[in-house]
Amino acid sequence: MNVQEAKLRFSGADKAGEQFIPDRSSFPQRTAAVAAAAAAEAEDVDRVARFPQKALDTARQQRLLGVQIPQQFGGDGASISDITDMCYTLGRACSSTAMIFAMHQTKVACLVRHGAGSGYHEALMRRVASEQMLLASSTTEGQNGGNIRFSTAAVEHAGTGISLVRNATVISYGAQADGIVTIARRANDAAGSDQVLLAITKDDYTLERSLGWETLGMRGTCSAGFELKFSGSVDQIFPEAYDKIHAQTMTPVAHLCWSSAWAGIAAAAVERAQLFIRKAARGSGGQMPPGAAHFTAARMTLAKLRAMITAGLDTYEAREHDERALSSLDFQSSINLLKVEASELAVETVMSAMRACGLSGYRSDGDFSVGRHLRDVLSAPIMINNDRILSNIATASLMSAVPATLRD
Ligand SMILES: Cc1cc2nc3c(=O)[nH]c(=O)nc-3n(C[C@H](O)[C@H](O)[C@H](O)COP(=O)(O)OP(=O)(O)OC[C@H]3O[C@@H](n4cnc5c(N)ncnc54)[C@H](O)[C@@H]3O)c2cc1C
């Protein structure tokens, strides 16, 4: 089977055009079980900055780590909409669990879309489904921040063997992952932007810790820095160049999954504000407390945020199998702007929820505290810095026409 045939096969349609429809009915229940485990340990995970082990154990029991793998390889063939729903539900329970799940699923999406037809990557898909492997991401390197489209470390080639040494300043759950999907310069003589993507598993790399993760929020992602040393086979390099994978899968899926996790955090804060306002109104004979307007504002921005994500999902799903449409300036701008706007709206929503609750929201204890949500959601605008994204798409924005109709 060649790469094109494989893509068709795993795109949801076979040659006769028949659709494979996964059984989605179990997804909400399975996700709820993970969310319950995540919620139970969320405060401790945040307090001591530890990995949400019970939540991830439950995700494995519920076989959610391989849920996106096509049925042919042992998964459930979950769609991007299924995955983003899961990210939202988990975000309401524990931000770090949701973000770990979102990052893992982004890597799995690359494997599913760009690994089909490659023996190594198909075998890895089977392993993710059967062993419920957790995949981490390594894009940040040295002082390069969110400049993902430039790599310093290069793949060294020796026959069919390859090696890589990478100053990976941030790898979320690097110590707990079973594998890493990483970018690298194609070869020693390649330009920084001539990149490949590699899928490596923990039996063929070592991690030496170089930086800790003592942060304001998202403490359970355990996003420490490491020196990554890998040695393996050339087959581990994805067949397609990274620039394609970046445009078609890495960026859209990351932005949709991250935004859904942030929307979940925002929804959890709104829920606390609602409980607070209800309690305050009950305590004063039905009279609305002065902070009620902030609660309404929180509801409003949450509605906007959810609408924006679902519109982004519709846009992506409509183009999912059209490489040209995915690479178009319009789509790339809109999927990048989704990340910028969703992250800002999520922060705004949690801020409004905190102001609705007043001191009860500002406190770190009590039923109405939104301190953890606020600290966690503040990571959103810097997770690939919004300033960097906005300056990167400034030229593209100038080139695309202003829409003539509402639904253009
Ligand atoms: C919770 C969390 C988990 C993460 N997990 C991972 C992971 O698993 N793997 C991984 O590889 N990375 C991970 N990262 C890192 C992430 O991918 C980015 O590298 C990081 O968020 C960039 O942060 P930065 O703002 O310091 O970097 P930069 O983008 O370098 O920004 C630094 C500063 O420069 C400014 N700036 C940058 N570019 C511009 C510009 N063009 N115009 C104007 N100002 C600019 C920014 O505003 C900022 O003040 C994670 C980050 C977070 C927050």
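I began with Cys110, which is buried (under 20% relative accessible area, with exposed over 50% and partly exposed in between, for a 1.4 Å probe and protein chains only), at a relative accessible area of 0%. Cys110 is in no disulfide (a pair of cysteine sulfur atoms within 2.5 Å), and the nearest cysteine sulfur, that of Cys257, is 10 Å away.

I noted how to read the entries: this is a predicted model, in which local features need pLDDT of at least 70, side-chain atom pairs count only at pLDDT 80 or more, and totals for chains, interfaces and linings use all residues. Residues are numbered from 1 along each chain as its sequence is written, and side-chain values use heavy atoms, with hydrogens and water left out.

I then looked up Cys357, which is also buried, with a relative accessible area of 2%. Cys357 is in no disulfide, and its nearest cysteine sulfur, in Cys94, is 20 Å away. I searched the whole structure for disulfides and found zero.

I checked confidence next. The protein chain has a mean pLDDT (the predictor's confidence in each residue, from 0 to 100) of 93, and 95% of its residues reach 70 or more. Residues 1–17 have pLDDT below 50, and this stretch has 25 contacts (heavy atoms within 4.5 Å) beyond near neighbours in sequence. Where pLDDT is low, the predicted coordinates should not be read in detail.

Strand β7, residues 224–233, runs antiparallel to β3, residues 161–171, with nine bridges joining them. Ser163 stands opposite Ser231 of β7. Strand β6, residues 205–211, pairs with β7 (pairing takes at least two DSSP bridges) in the antiparallel sense over six bridges. I found Phe226 of β7 as the bridge partner of Arg209.

Technical notes: Helix = DSSP H or I, 4+ residues; strand = E, 2+ residues; numbered from the N terminus.
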